[in-house]
Amino acid sequence: MKISSGTIRLIIPAASLALLLAAVFYMQPRAMSYTGLNLLFNLAVPIALATIAQMLIMSVNDLDLSMGTFVSFCACVAATVLQTSPVLGVLIFIGAILAYAAIGVVIHMRELPSIVVTLGMSFVWGGLAVLILPSPGGTAPTWARWVMTAKPPLVPMAIVASIVIAAVTHYIVMRSSFGVLMRGVGGNNRSVERAGWSVLGLRAATYALAGFFAILSGIALVGLTTSADANIALRYTLLSIAGVILGGGEFVGGKVSPIGAVIGALTLTLAGSFLSFMRISPDWQIGAQGAILIVVLALRLALNRLEKREKSQ
Amino acid sequence: MTQILKREEVVAARGVRITFGAVKALDGADLVIHAGECVGLVGHNGAGKSTIVNVINGGLTPHEGSLTYGGRDERGISAARANGVRCVFQELSLCPNLTVNENARIMHADLKGWNWRSRALSLVKTQLQEIFPGHAIDCDSTIDDLSIAERQMVEIAISFAGTDKKPKLVILDEPTSSLDAGLAAQLMAYIRKFVTEGGSVLLISHILGEILSTSSRIVVMKDGRVVADRAAGDFNTHSLVEAMGNVVREQEFSRKTTRKTGTPALSMPPRRGHGLAFEAHRGELIGLAGLGGHGQTEALLDLYLGRNSNWWPTAAKEIAFVAGDRSLNGTFPLWSILKNLSIASLGQLSSRKMIDDGREQALGESWKKRIEIRTPDMGNRILSLSGGNQQKVLFARALATTASIVLMDDPMRGVDIGTKQEVYEILRSEAASGRTFIWYSTEMDEIRLCDRVYVFREGAIVAELVGEDITEKNVLAASFSEGAAA
Amino acid sequence: MNLRRQFVEKPWIWSFAATIIVWITTVLFTGGASSFGLSQAALTFAAFSVIVGIGQMFVITLGPGNIDLSVPATMTLSGTLALKLMDVQDGMILVGLLASIAIGLIIGIGNYILIKLLRIPPIIATLSMSFIVQSVAIWSNRGLRIKPPETLAEFATSGLFGIPNVALVALVLSGLAWLMLEKSIYGRWISAIGQSTFAARMAGIPVDGTRLVTYMLCAVLASVCGYLLASFSGGAALNMGSEYLLMSIAVVVIGGTAVAGGNSNIPGIWGASLFMFLVVSMLNTYGFGAGFRLILTGLIIIAVILLAGGRQSLR
């Protein structure tokens, strides 16, 4: 039985997550408990959702530099408008999804580089967030709080949520017709067009879906932190890109993996805890994250080379 | 014969004319394909094969002439698809990141609804089994994981497959280019079966054995026109090659007929481990011939990149390159004509790494005069020039350097005849003064200007022709393999 | 007709026109009292954007996908280490400058090694690099705020004939960059690479060497900017570079440099930097908050890129 390249691409992220987890358990056996796991992975849920959103954009060969500010904006809306007048809050979110679809349309029609357009949008979302919530505050909607702090039996919420996210997005991206067409646009948009599909429509739908997941990320974040501020998720732009790459996704070619993206997000979250258990001074934590990113990319390059050599034989 | 004529017309293109700028790609070509026949289409580079294929599959609208599907006048890619026309392109048109069945989903819009995956899977599986019995392709694997041959097999199978209605006409453009003999034979056997069941196939191949054994009718194209259209039984390899060629023209130039000896200025071992080695001597004009896409460009790139550092500026350029696809790898579109011309010789034009404007202007003016670039001002944008004049600038870019070897990647494609004559003149005088030219050309007239010619087939050099042996007939015979009659 | 052609061919005129309009409206609103102070502040803060912007512009000129995200981390590290090394001694000013240039060179080389060796897109390579650089900065800073040498601080905060010294430095650097871009072989090379990497390679340009130098140049300019900014603001802070990540890209885009590469524009960077600062102070004087300011900035970037059009960008 030959292993498909998709599976190989999942091996490294999964193995690095397992290795990190084992190391954490070894150094801190108390982490091997319900509460321990919950603490380790709690913050992973919003990051995983943002990573999924970024992955959708990357599956059509684009990149979203506004992810962090958009999630912050959504968190601010969730902590204020959505809490006080839910209908208006939902309307704002629908408007945001439409805005994402419109960005997709503009990028496709004018053949603009997505990096610059989303860079501009990042200022816009950041500004809107400041307008809605000028100083840190707000309250999370009770239901969001309830979902994020629920204590299901046996397995902590963070793990359950990650598995649900992975399963749902795996179905949408890898199994459904829409997912196939979306990845087809990333892989070879000419042949998708030749077969009679609207690449414009597909790109708009992909952006809208990404907007939807980013909104979920904002709500989940507020559910965890109970309040929001306009800069709450700025790191998510870079974290989400790194998560996709760690999870075996690629910048071009429609090669993405939702399960990998979730694993990548978990790995990034865990790396922080691991480093503090390692007693690495907090000074080096960011740097170690960078180093981990580099090591994983180097490993992947080596694996790709090996695979290529095998194929050419 | 009368039997065939009574059959239903699947597609009919009559009197089709298509021009790209000054070039007549199709000059009143007729191609009618009936149900239940396999039409073999042969011709040398630029004969108009791929253009007429693009007309039939709806990608190009003819400037003149009629195009009907089953007797109805319709246009466009979707019209062609709706009329059961499918096309397997020479370049792979699958999505490499998707699995086999997912690609089938994209190609067949009606594979929707619940459980499309297993239906797509069984569709491709049955079709693959039918065309290539005993194949070992796992239809759940990603296209990336398949070998080139397997990808081609999958693409062929997806094109022949039909969910509720079978395709009426399948166009196969070099379908066996990466299949081995056994697989090619299976495909040819399937085509024959498909045809007897009432389908039709348009087959393009450089392996004449396949064409002769599989087609019921053979169409020979030349210079955008159909020059022969007869039952396959009326042809043999020899007469087919003859039909593709031109009437022998008078040679109006002299060339060195003696083979040069001594240490070559440039050499390369046999490519892909077989065929002939490559050698070039000082002052020679060497042609690389053969059908387009058989490894000539790759050979030029290897020669060039192997002698050119990617990290350090080279002190003295010994080799220069003239691009064929101007827009892809030749011109710098944002720049003026002058900057486009001088980019390769900035070293000579500057002192202490700063460019001397005066010297650059002088260089521009001298070349403008020498090769007659038709522009009022060398400061105008390069894109303001006609295609032929842009090409002249690219020539001047290479010739203005100190390089003693100039590589040319089919640079005269789509250039008008007047410009061509001017450039040939320059080439001859430069060669006489000691420069070596390696010239890949898809045009027979240019190949016949060379002192010595290497013919490429399937990535390797298969023949070397010198002097009087450089004839269209010899080049054609070497570029088309006879192939085992499948 | 001629005027229109000038406008189309020189996209930086727009940013200057906009700058002047914004300047006049702000000055009119405040009754002319603030015009000198406003111009001084604008020139000072624009100078920092200009210095990093020039580096980023060189990188962006290399073509689609080329971008340097390590700029803020480089600024922070260079500011921190240089101040630490100089240790408030006037005699060490030059040593500090050389050290910060050396830091830039090392980071630039590191960036390109990652890009080339790991074959990863510049955006992720420079991002990983910035994580490491940021950590080194945190580690070396230790929360201590070391003051710059007095002479240096004096230099960074004062001016000559009413023009701030940092603006003069930025002007000199812009002049050098302009000379390199317009008159040197190197400038031709990066423009050629940005228009078509393959065509550049086939014209005999050492593509990898040129790209390496460009990434080094960008990092050096960022570290010089960090050195100046730390001296100007009386000490290095860990977040001192963060605002310059998006700013460095924004001034390049607004200044009329082609995002698709191949075409760069130094006057435009000045126009855009002044404009960005003046818009902020204009909105401040009108009493608009940070939110409107950001939204307006974003809309300006999108409007500029829409007007400039991506059609010729051809990925």
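What follows is a short tour of where the chains touch and how one of them is divided up.

Keep in mind that this is a predicted model. Let's begin where chain A meets chain B. Here, 20 residues of chain A are in contact with 21 residues of chain B. If you look at chain A's side of that meeting place, you'll find that helix 1 (5-27) and helix 10 (177-194) of chain A each put in at least two residues. Helix 10 of chain A has the largest share, with eleven residues. And what sort of residues face chain B? Sorted by class, chain A's side has twelve polar residues, along with four nonpolar and four charged ones.

Now turn to the other contact, the one between chain C and chain A. In this case 40 residues of chain C are in contact with 34 residues of chain A. On chain C's side, the elements giving two or more residues are helix 6 (122-141), helix 12 (243-254) and helix 14 (290-308) of chain C. Which of these gives the most? That's helix 14 of chain C, with 13 residues.

Finally, let's go back to chain B and see how it is laid out. Chain B is divided into domain 1, covering 2-244, and domain 2, covering 266-479. How far apart do the C-alpha centres of these two domains of chain B lie? The distance between them is 35 Å.

How values were computed: Residues are numbered from 1 along each chain as its sequence is written. Chains are lettered from A and ligands numbered from 1 in the order in which they are written. This is a predicted model: local features need pLDDT of at least 70, side-chain atom pairs count only at pLDDT 80 or more; totals for chains, interfaces and linings use all residues. Two residues are in contact if their C-beta atoms, placed from the backbone, lie within 7 Å. Helices (H or I, at least four residues) and strands (E, at least two) are DSSP runs, numbered from the N terminus. Ala, Val, Leu, Ile, Met, Phe, Trp, Tyr, Cys and Pro count as nonpolar, Asp, Glu, Lys and Arg as charged, and the others, Gly among them, as polar. Domain bounds come from an automatic or database domain assignment.
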